[in-house]
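Here is a short briefing for a reader meeting this structure for the first time. Look over the sequence and the model, then take the points below topic by topic.

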Amino acid sequence: MIIPPAYLRKKQGASITEGNMVYQFEDLVNTLPHRLTPYDDLSYQESKAYFSQSQMILSAGEWTVHSAMAMDSNNGIYITGSGYHTILKCGPDNREGIMVVNGDDVVIENVKFSRTTDSRVPDVGSLLHVTGERVVIRNCWFDASNALNAITANVADNLTIESCVFAGGAGDIVYVLDSDNTMVKNNRITPAGGWALNTINLASTNTAVAAQRCNDGIVVGNHVGSGMRIRHNTTGAHMLAGNNTSAILVAY
């Protein structure tokens, strides 16, 4: 019996014709993995070219992160989890945090970031650190029980943090430094008992220098817990509106 050679499908474009319009798109059926699991290292996967064309879909499950995953690609990485049950968790010896986003145009949504131990002293700095531009963090959960900060950002212009839930944290829960056009909206932040710092801090290295301060931030619609603080610089031309009325606005 003659066995025919294996047929290798060539990656090619596809099109749909409707009326006088032709819609063209790339056929990605045989080039993309359907879903990543806790067996996959996201730092390695994000460099794959096909994730510049499609979402990086994470299954339900728990990733144990032993050192911070670096997301350096500028290919517009879009990470989406399966909701509360997609968990990125600090390993027991991880002091660095879970993820560092250095690339631009990154979207992260529907993922839980977690660090919980029995220690009374925070043993991790920030669960998620952002230095890239136009990064969006949306519909995520942050359990920062044994972390200093849930999210930190440094010169991360056009950052959006929206519709997230934050619990715990020993320092400022959301700490944004020298970043312009930051939008923090519709989040719920519940600090740990006895905690007395800032839920949201638009911080500046030097308020007298435009390039070394936060400018044109929007902080709207957040619930930060009764008597908790939102800190902002008066020289930054920020808009703060619609946050719960018991929040304390601290200007500097």
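Contact here means heavy atoms within 4.5 Å. By that rule, Gly-236 touches Cys-214, Asn-215 and Asp-216, leaving out residues up to four places away in sequence. The model is a predicted one. The chain has 252 residues, and 44% of them count as buried. Its secondary structure comes to one helix and 24 strands.

**The chain as a whole**

- The chain exposes about 12,600 Å². Carbon and sulfur atoms supply 53% of that area.
- Take the contacts with a separation of 6 or more in the chain: residues 24 or more positions apart account for 57% of them.

- In general, strands of a sheet pair through backbone hydrogen bonds, either parallel or antiparallel.
- Strand 17 and strand 20 pair in the parallel sense, over four bridges. Leu-177 has its bridge partner in strand 20, and that partner is Ala-203.

**The nonpolar core**

- The largest nonpolar core has 52 residues.
- Which residues have the most contacts inside this core? They are Met-99, Ile-108, Phe-113, Ile-137, Phe-142 and Phe-166.
- Several elements give two or more residues to this core, among them strand 4 (61-65), strand 5 (69-71), strand 7 (86-90) and strand 8 (99-101).
- Leaving aside neighbours within four places in sequence, Ile-108 is in contact with Ile-79, Met-99, Val-101 and Phe-113, among others. Its partners also include Val-136, Ile-137, Arg-138 and Cys-140.

**Salt bridges**

- How many salt bridges does the structure hold? It holds six.
- Arg-134 forms a salt bridge with Asp-104, and their closest N and O atoms are 4.0 Å apart. Arg-134 lies in the loop between strand 11 and strand 12 (136-138), and Asp-104 in the loop between strand 8 and strand 9 (107-109), so the pair ties together parts that are 30 residues apart in sequence.
- Arg-134 counts as partly exposed, because its relative accessibility is 37%, between the limits of 20% and 50%.
- Asp-104, Asp-105, Glu-133 and Arg-134 are linked in a network of salt bridges.
- Glu-109 and Arg-138 meet through their side chains in a salt bridge, at 3.0 Å from N to O. This pair links distant parts of the chain: Glu-109 is in strand 9 and Arg-138 is in strand 12, 29 residues apart.
- Arg-138 also forms a salt bridge with Glu-162, with the closest N and O atoms 3.8 Å apart. Glu-162 lies in strand 15 (residues 160-162) and Arg-138 in strand 12, so this pair ties together parts that are 24 residues apart in sequence.
- Glu-162 is buried, with a relative accessible area of 14%. Arg-138 is partly exposed, at 23%.

**Two buried positions**

- Gly-236 lies in the loop between strand 22 (229-232) and strand 23 (239-241).
- Why does Gly-236 count as buried? Its relative accessible area is 1%, and buried means under 20%.
- Gly-236 and Ala-210 are 26 residues apart in sequence. In space they are 8.1 Å apart, C-alpha to C-alpha.
- Asn-198 has its place in strand 20. Asn-198 counts as buried because its relative accessibility is 7%, under the 20% limit.

How values were computed: Residues numbered from 1 in each chain as written. Predicted model: local features only at pLDDT ≥ 70, side-chain atom pairs only at ≥ 80, totals over all residues. Heavy atoms only, no water. Buried < 20%, exposed > 50% of the residue type's maximum accessible area, 1.4 Å probe, protein only. Areas by Shrake-Rupley, 256 points an atom, 1.4 Å probe, with all protein chains shown as cover. Core = buried A, V, L, I, M, F, W, Y, C linked by side-chain atoms within 4.5 Å. Pairing = 2+ DSSP bridges.
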